[in-house]
Amino acid sequence: MRQPSARRRRAGCLFCLPGMAFLALFLAYPLLYNVWTSVHDVDLGQLLGGAERFTGLDNYRTVADDPAFWHSVRLSLVFTLSSLLLQFTIGFALALLFARPFPFNGLLRSLLLTAWLLPPVVSGTLFRWMLDAESGAYNALLEPVGLSHDWLTDPSTSLAGVVFANVWIGVPFNMLLLLVGLHTIDPQLHEAAAIDGASAWQRFRHITLPLMRPVSVTVLLLGLLYTFKVFDLVFVMTGGGPVDATRVLSLYVYEVFFTSFRFGEGAAAALLLLVVPLLAGVLYVRRLRREDEAPTGGAV
Amino acid sequence: MSYSVDRRGFLRVSGAAAATAALGLASCSSDTSGPVTLSWWDYFTLDNFQPGMNRLIKDIEAGVPDVRIERRTFPFAELERQITLGAISGDLPDLAIVDNVSMNTLGGSRLLADLTARVDAWGQADAYYKGPWSGCQVGGKTLGIPNNSNCLALYCNTRMLEAAGVEPPTTWDELAATAQKLTSGDRYGLALSAIRTEEGVFQFLPFLWQAGGDLDSFSTYGATALAFLDELIAKGSLSEQCVGWTQQDVNTRFLNQRAAMQINGPWQIPTLKKADFDWNVVPLPRDKEAATCLGGENWVVMAGSKHVDKAWEVLEYTQRPSVLVPYLVSFGELPARKDLADRGSWASDPALRLFLSQLPLARPRQYGAHYAEASQAVAEAQQAVLTGSASPSAAARTAAKKIDKALGEQ
């Protein structure tokens, strides 16, 4: 490849400027402002007067000393991991199903997608109604088999109720991406393996799964980013309750900010909320780079 | 001081001296010359509030010389947050109508203009009920004027009570007994909101006060109040689901006749008037003392406003009976002023009258800048007990620690 001339490179930079300006204004500035806030003592009274005091890491210490913070971290992890696991397995199973031709395949697939297209506030509200202990649809179904339950108002099951809704939202998205991935696998590989006497399970285990790795990693990463920062769905369904059974990290941050008006501590907690997705993102980018650098030999 | 600088006069003057003078004038001449536009925020977004609000604003613009109102509305939960964000960005209104409980957070923040001197000169403080008025006092200063008031009372389904042969309860013991008698099938004796927000706390605090306690004695009296509610759930007279119910949900239960009694406010009356059964309202049952919680809104002026004088003039104007009564009637709200007790629809409507009669008992949630955290602790204690995850005394002790910490910080 020819090296671009200096002039062309300068022109290239020029084209980047609007994007850079956008990022600086809407990403870097708020982020830096948040970092600044997190090392100052800021409450409502000080906002106007500009009397914020530099407090170093005090806010981080206060947050780390708060059992409610760690409780919400645990909830976020449980919520994220269980959502990802269920979304992914169900999504994969459905992708395998929809990869085969059958009548109404396309129609069903697009119907399933509407679940993902709905705003979380809408689906959250719907699930709150459907899981309602007295008038909810699920209990009407479960009543005859004696399994009806106060899903969202019992602290021991409310998180499960929210995970259930989140999985329902996430499955179609997982399915769609995995389905695209399945289509990229050369059918000849399966045919050859079948001729060699490989069973369906062996073909899935040794051909489909390894070839689906890159797609799966992407799907899981996107799921992680979306699920770890979930706010609207939980807020609408339970508001963090009952007691604190569904107060995931984002709701904790929200409450510190907008209920207690402790902006410094809220900013510190918000930065900690950023850690997990950031780590995941870094790992992913490094992995991608390694894959790019790896010599690409044959198909497998 | 009087300045008479019009635009031409301003243009005639030239040089640096003029610029300095103009800068000086810009800040203090605004109240004396030309119409002033006051920005105004509130959270009355529902359709049924608009005619009353539009009329009020027209009234103000016609009655207060040289004033124009530019109104913006936010959803209920958004207003306080917008004011907070506005404090950061410098985008704040001149006037706002805020929930009376917001005085806790906003009051200690230097965001609100101190109206004390103006109110003293005005001399009408005595015309207000004690609760609503003291709800506008923070740290010895007057930071607002009550806009309207409400409180909680007990709604009863008349026919159900008659069928069960019971009278509306007046004490806790009677409430428990009546609620139990009225419970049958999928019908609960009592419905109330115990949701994990200020709404649930609003409904819980009367029980705490009736038990003879307050937030500073929560470990003792909080336990009493929590145990009473816990007992109602244990006996099946109150649904455990109430930990997820808003007051609107509670009213729906009552309307569907799936609750024989409910604790709710006067804002439900218009909806209940359309019900096809008879109901009445009685004061909240008492224990050691009678108590109910004060709700409603206050008018406040922002400290950063360039037109505090004009804004105060507007507030003063709205307190004239000829302006205030039609406004409150159209909102279906109660006046915070004693001298209006015999005017408006609340003078004749028995349900509104009952609520009005409870206003002198209604206590504001006046606990200072860190009330929100104390309130959150109360809400969580209530939820823990009602969902059976903690005993009343344990939950009350845990909450008391958080409350003492929050309230001790001021």
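# Two chains, one predicted model

Biologist: How many residues of chain B are in contact with chain A?

Modeller: In this predicted model, 31 residues of chain B are in contact with 27 residues of chain A. Contact here means heavy atoms within 4.5 Å.

Biologist: What area do the two chains bury between them?

Modeller: About 2,500 Å². Carbon and sulfur atoms carry 51% of it. B:Arg81, B:Arg196 and B:Gln241 supply 23% of the area that chain B buries against chain A, more than any other three residues.

Biologist: Why is the pair A:Arg247 and B:Glu380 called a salt bridge?

Modeller: The cut-off is 4 Å, from a side-chain nitrogen of Lys or Arg to a carboxyl oxygen of Asp or Glu. The side chains of A:Arg247 and B:Glu380 meet at 2.9 Å, N to O. That is within 4 Å, so the pair counts as a salt bridge. Across the interface of chain B and chain A, the rule finds three salt bridges. It also finds 10 residue pairs in polar contact there.

Biologist: Which helices of chain B each supply at least two residues of the side that touches chain A?

Modeller: α4 (76-89), α5 (103-107) and α17 (371-386) of chain B each do. By class, the side of chain B that touches chain A has 10 nonpolar, 11 polar and 10 charged residues.

Biologist: How do you know what confidence the predictor has in the complex?

Modeller: It gives an ipTM of 0.80 and a pTM of 0.85. Chain B has a mean pLDDT of 90, with 92% of its residues at 70 or more. Chain A averages 88, and 94% of its residues score at least 70.

Biologist: Where does pLDDT stay under 50 in chain B?

Modeller: Over residues 1-31 of chain B. The model has 14 contacts beyond four places in sequence for that stretch. In chain A, pLDDT stays under 50 over residues 296-300, with one such contact. Where pLDDT is low, the predicted coordinates should not be read in detail.

Biologist: Which helix of chain A has the highest confidence, and which the lowest?

Modeller: Helix α4 (residues 67-98) of chain A is highest, at 95. Helix α2 (residues 44-49) of chain A is lowest, at a mean of 68.

Biologist: What makes helix α13 of chain A largely enclosed?

Modeller: Nine of the 10 residues of α13 (residues 249-258) of chain A are buried, so the rest of the structure largely encloses this helix. Among them are A:Leu249, A:Tyr252 and A:Phe257.

Biologist: Why is A:Asn174 called buried?

Modeller: Buried means under 20% relative accessible area. A:Asn174 has 4%, so it counts as buried. A:Asn174 lies in helix α8 (residues 158-183) of chain A. Its side chain reaches the backbone oxygen of A:Gly170 at 2.8 Å. Beyond four places in sequence, A:Asn174 is in contact with A:Gln87, A:Phe88, A:Gly91 and A:Val219.

Biologist: How do you know that B:Ser237 is buried?

Modeller: B:Ser237 has 1% relative accessibility, under the 20% limit, so it counts as buried. B:Ser237 sits in the loop between α11 (218-234) and α12 (247-255) of chain B. Its contacts beyond four places in sequence include B:Ala179, B:Tyr188 and B:Leu232.

Biologist: Why is A:Gly19 called partly exposed?

Modeller: Buried is under 20%, exposed is over 50%. A:Gly19 has 37%, so it falls in between and is partly exposed. A:Gly19 is in helix α1 (residues 6-38) of chain A. A:Gly19 and A:Phe173 are 28 Å apart in space, C-alpha to C-alpha, and 154 residues apart in sequence.

Terms used
Residues numbered from 1 in each chain as written. Chains lettered and ligands numbered in written order. Predicted model: local features only at pLDDT ≥ 70, side-chain atom pairs only at ≥ 80, totals over all residues. Heavy atoms only, no water. pLDDT = per-residue confidence, 0-100. Buried area = accessible area lost by both parts, 1.4 Å probe. Polar contact = N/O pair within 3.5 Å; in protein donor to acceptor, adjacent residues only side chain to side chain. Helix = DSSP H or I, 4+ residues; strand = E, 2+ residues; numbered from the N terminus. Nonpolar A, V, L, I, M, F, W, Y, C, P; charged D, E, K, R; others polar. Buried < 20%, exposed > 50% of the residue type's maximum accessible area, 1.4 Å probe, protein only.
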